[in-house]
Amino acid sequence: MSSGSIMRELDVCLSTFILAADYAVAIAYRDCTTGLPSDVTIEIGEISFHLHKFPLLSRSGQLEKLIGQLSGDDRPECILQLRDLPGGAKAFELVAKFCYCVKIELTALNIVSLRCAAEYLQMSEDYGEGNLIAQTEGFLNEVFGNWTDTIKALETCEEVLAYAEELHIVSRCINSLAMKACADPHLFNWPVSGCNEKESTSDTDFWNGISTTNKSQNMGDDWWYEDVCSLALALYKRLIQAVESGGMKPEKIAGSLVVYANKYIPLMTRELSFKNTNNGKLGSTISSPPEADQRALLEEIVELLPSQRGVMPTKFVLRLLRTAMILQASPSCRENLEKRVGAQLDQAALEDLLIPNMGYSVESLYDIDCFQRILDHFMLVDQAAAASSSPCIVEEGLMEGAHSLTSITMVANLVDAYLADVAPDVNLKFPKFQSLAATIPDYARPLSDGIYRAIDIYLKAHPWLTDSEREQICRLMNCQKLSLEASTHAAQNERLPLRVIVQVLFFEQLRLRTSISGWFFVSDNLENSQNPNATLTLTKVDGSHLVDRAQDRAADVDDMRERVLELEKECHNMKQEFQKLVKTKRSWNIFCRRSRYCNSKASKPCIVKAPSSAVKELKTPETGELGK
């Protein structure tokens, strides 16, 4: 070959190389300033790409169709507008580089938009082997094998949600995450939690550039909670439904919901008291999402809560209920939460149940009606459980509804403590206090000390109650179940009606007599059990010694009998004194009524004589004169 022909071949090769370089420069700067002029302009939003037809036509069926339509119109300029391209200008820039055979980097952050753009532009194998659809699909399969990359890819699906749903990318991401979350990470060695990749290597031991630290780490059931919190509500909801269908334990799902709610509902983690409430609204300078968004998120989370009893922490459910009241969530949402709390009320704490009243018209400091509804639902659940349970015979005897009795006893103590806390409120109406206390049946209270304390506080804070109301409220407690300390206090309590005080003293006397009788019974049985052959022993023991023992025992019995008689006399005297007080009170009531009657009849003289018993009570012990 001559030297001239060799030079011509070199010129052709050099021209081809320059053209390829010009294509690369064109896509990099979105304009051809050197080399061949661009013959097509693609506009995406406010950005224009000045490119060449041939590289685009050889890879994209959609661009071939659009460019062909414009070329047939004999227009001097070929301008395409791709307004609906998934991923926008950023995705198209990668597509154009691929058409110009420029190397592009596929990552978990751009793979979804690039895959959707390739599908939109019809970049299939019909327009070249190894086209963009095939390459992005292959990389997606690699992404699904990694937990962190799948999370990132799923997050980017929000930008092109409609196209990602059509290509089933969202469902494949969610299924991949659900499978890994339900499986044991130690068993399959899943690459979990992206935060582990960002940890400092200062604590890692290296030998010759190779890490010698054990790769397996102890991970709990909550290893995936923080990662999925980065998902939007719609995607997170679908993931929770997927893991639930995959057989995940409700306790794990509940833990994830707690973390997600605390992150996106600021009111959940904010302490609520009367100091930071203002007509149901919380004043804060910290920026937080709009209340409408928080309310929608809360209602969605409530729908996702597991239905099993005791799975969700009662403290968390009560915080949800309190936040729902602040955000004015739908009535169905609040009713759902109240029923959930009622179903596991025996696990609640008193401080969580003290929910302040919201709104402008505040009748009482705390929301008594809400607690009443919660308690009513608990009683319905408890009664249904008691009705469905059958007696269970064990070695110790017959046990029926032991667990139910324990639960209702715990709730009874909780109600008594709640009443004691809300009783000082002067705005608390008598019917609400009475209704709340009467909801608990008598058998659920082994002791009446708690309800007595609440009644005493309420009577002290409401001195204007009538005698009838005092009588009614005292019927809520069982005087027979008062402890010794409570009985002593009640016997000296001036706020209680006289009938209640007499009743307390009567039961104390009855209890004392029963205990003494039981002591004698036990003592006699013990003596007989220690000497089963007393008759035979008498013949072998010295007579004088037996006489001494018998005399000592008789003296002890006489002393005990004297003490019992003294106690009975004292109780009898106290009864007589109370009866006198009652008669005196009745006599003075008659006397006062007669006096008022005479005053009303001023035209006629009227002589009223005070009862002798009343006069006797009013005389002073020293002089016998009437007191003032």
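Mentor: What follows starts with the sheet and its helices, then turns to a helix pair and to some aromatic rings.

Please keep in mind throughout that this is a predicted model. As a background, the secondary structure of the chain comes to 27 helices and nine strands, and buried residues account for 37% of its 628 residues. Among contacts between residues at least 6 apart in sequence, 70% join residues that are at least 24 apart.

The part you ask about is an open sheet of three strands, in which the order is 2-1-3 and the pairing is mixed. Strand 2 and strand 3 (79–81) stand at the edges and have a single partner strand each, so one side of each is left without a neighbour in the sheet. From one strand to the next, the twist averages 20°.

Strands of a sheet pair through backbone hydrogen bonds, and they do so either parallel or antiparallel. Here strand 1 (residues 40–44) pairs with strand 2 (residues 47–51) in the antiparallel sense, over five bridges, whereas strand 1 and strand 3 run parallel and are joined by three bridges.

Helix 3 (residues 61–71) lies across strand 1 and strand 3, and runs at about 135° to strand 3. Helix 4 (residues 88–99) lies across strand 1 and strand 2, and runs at about 15° to strand 2.

For a contact between two helices, turn to helix 20 (residues 430–438) and helix 22 (residues 467–474), whose axes come within 10 Å and cross at roughly 20°. Angles under 35 degrees count as roughly parallel, and helix 20 and helix 22 are therefore roughly parallel to each other. The crossing in which helix 20 passes helix 22 is left-handed. On the helix 20 side, Phe430, Phe433 and Gln434 meet Glu469, Gln472 and Ile473 of helix 22.

A search of the whole structure finds nine aromatic pairs. One of them joins tyrosine 120 and tyrosine 163 edge-to-face, with 6.4 Å from centre to centre and 90° between the planes. Tyrosine 120 belongs to helix 5 (residues 111–120) and tyrosine 163 to helix 8 (residues 161–166), so this pair ties together parts that are 43 residues apart in sequence. Both count as partly exposed, tyrosine 120 at 24% relative accessibility and tyrosine 163 at 29%. Phenylalanine 506 and phenylalanine 507 form another edge-to-face pair, at 5.4 Å centre to centre and with 65° between the planes. Phenylalanine 506 is partly exposed, with a relative accessible area of 39%, while phenylalanine 507, at 14% relative accessibility, counts as buried. Finally, ring pairs link Tyr236, Tyr260 and Tyr264 into a cluster.

Terms used. Residues are numbered from 1 along each chain as its sequence is written. This is a predicted model: local features need pLDDT of at least 70, side-chain atom pairs count only at pLDDT 80 or more; totals for chains, interfaces and linings use all residues. Side-chain values use heavy atoms; hydrogens and water are left out. Two strands pair if DSSP finds at least two bridges between them. Helices (H or I, at least four residues) and strands (E, at least two) are DSSP runs, numbered from the N terminus. Rings of Phe, Tyr and Trp (its six-membered ring) pair if their centres lie within 6.5 Å; planes under 30 degrees apart count as stacked, over 60 as edge-to-face and the rest as tilted. Buried means under 20% relative accessible area, exposed over 50%, partly exposed in between (1.4 Å probe, protein chains only). Axes are lines fitted to C-alpha atoms, for helices over the stretch in contact, and angles run from 0 to 180 degrees between N-to-C directions. Angles under 35 degrees count as roughly parallel, over 145 as roughly antiparallel, 65 to 115 as roughly perpendicular and the rest as oblique. A crossing is left-handed if the near helix is turned anticlockwise from the far one by less than a right angle, and right-handed if clockwise. Contact means heavy atoms within 4.5 Å.
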